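Here are my notes on the model you sent, as numbered points. They begin with the charged side chains and then move on to the rest of the fold.

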Amino acid sequence: DEDRELALMALHAGEKDKKKDKKTGPELSETAKNIAAQTIQILNKDPAEIAAQLPVEVKEILARTVSVPVATESNEPPEVRWGKFDADVLEQVLALESEDQQVAAA
């Protein structure tokens, strides 16, 4: 969430504060609009969806690293926080050729 906020702040860094008497916002170049759209697309990727595509063994290894217990007295399985992973990193693991390479990367 902090990374997302920082990226959005960076996108809006070149914009000036809107004045009350000014009716139009700042003009952005086509390149700036494309970069903003790509950044938003990257930030909106859901790591849980990408993790679901990984082989079971790889997913289990990665899940152990980001799992937290739900409650100390509960028998429920631990909660897996896939959001702790960067979606692009999970895509790179998924892109590896063999499952052995994916296990090694995990």
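1. Asp88 and Lys45 form a salt bridge through their side chains, with an N to O distance of 3.2 Å. The two residues come from distant parts of the chain, 43 residues apart. Asp88 belongs to helix α5 (residues 87-95), while Lys45 sits in the loop between α2 (30-43) and α3 (47-51). Please keep in mind that this is a predicted model.

2. Lys45 also makes a salt bridge with Glu91, and here the N to O distance is 2.9 Å. Glu91 is in helix α5 and Lys45 in the loop between α2 and α3, so this pair ties together parts that are 46 residues apart in sequence. Because the salt bridges share partners, Lys45, Asp88 and Glu91 belong to one network. A search of the whole structure gives two salt bridges.

3. How exposed or buried are the members of this network? Asp88 has 25% relative accessibility and counts as partly exposed. Lys45 is partly exposed as well, at 27%. Glu91 has a relative accessible area of 32% and is again partly exposed. Buried would require a value under 20%, and exposed one over 50%.

4. Helix α5 also has a buried side. Which of its residues are buried? Ala87, Leu90 and Val93 are buried in α5. Viewed down the helix axis, the buried residues of α5 fall within an arc of 120°, so they line one face of the helix.

5. What forms the negative surface patch? Its members are Asp1, Glu2, Asp3, Glu5 and Asp86. Asp3 has a relative accessible area of 61%, so it counts as exposed.

6. On the overall fold, the secondary structure of the chain consists of six helices and two strands. Along the sequence the pattern reads α-α-α-α-β-β-α-α. The chain has 106 residues, and buried residues make up 17% of them.

7. The strands deserve a separate point. Glu79 is located in strand β2 (residues 79-80). With a relative accessible area of 41%, Glu79 is partly exposed. Glu79 and Val68 are 11 residues apart along the chain, yet their C-alpha atoms are separated by 5.3 Å.

8. Pro78 belongs to the loop between β1 (67-68) and β2. Its relative accessibility is 48%, so Pro78 counts as partly exposed, given that exposed means over 50%. What separates the C-alpha atoms of Pro78 and Ser67? The distance is 5.7 Å, for two residues that are 11 apart along the chain.

9. To bring the points on α5 together: this helix holds Asp88 and Glu91, both of which pair with Lys45.

Methods. Residues are numbered from 1 along each chain as its sequence is written. This is a predicted model: local features need pLDDT of at least 70, side-chain atom pairs count only at pLDDT 80 or more; totals for chains, interfaces and linings use all residues. Side-chain values use heavy atoms; hydrogens and water are left out. A salt bridge is a side-chain nitrogen of Lys or Arg within 4 Å of a carboxyl oxygen of Asp or Glu. Helices (H or I, at least four residues) and strands (E, at least two) are DSSP runs, numbered from the N terminus. Buried means under 20% relative accessible area, exposed over 50%, partly exposed in between (1.4 Å probe, protein chains only). Patches are made of residues with over 30% relative accessible area and no salt bridge: like charges are joined within 9 Å, nonpolar side chains (Val, Leu, Ile, Met, Phe, Trp, Tyr) within 5 Å. Accessible areas come from the Shrake-Rupley method with a 1.4 Å probe; for residues, only the protein chains shown count as cover. Lys and Arg count as positive and Asp and Glu as negative; His and the chain ends are not counted. The place of a charge is taken as NZ of Lys, CZ of Arg, CG of Asp or CD of Glu. The arc is that of the directions from the helix axis to the C-beta atoms.
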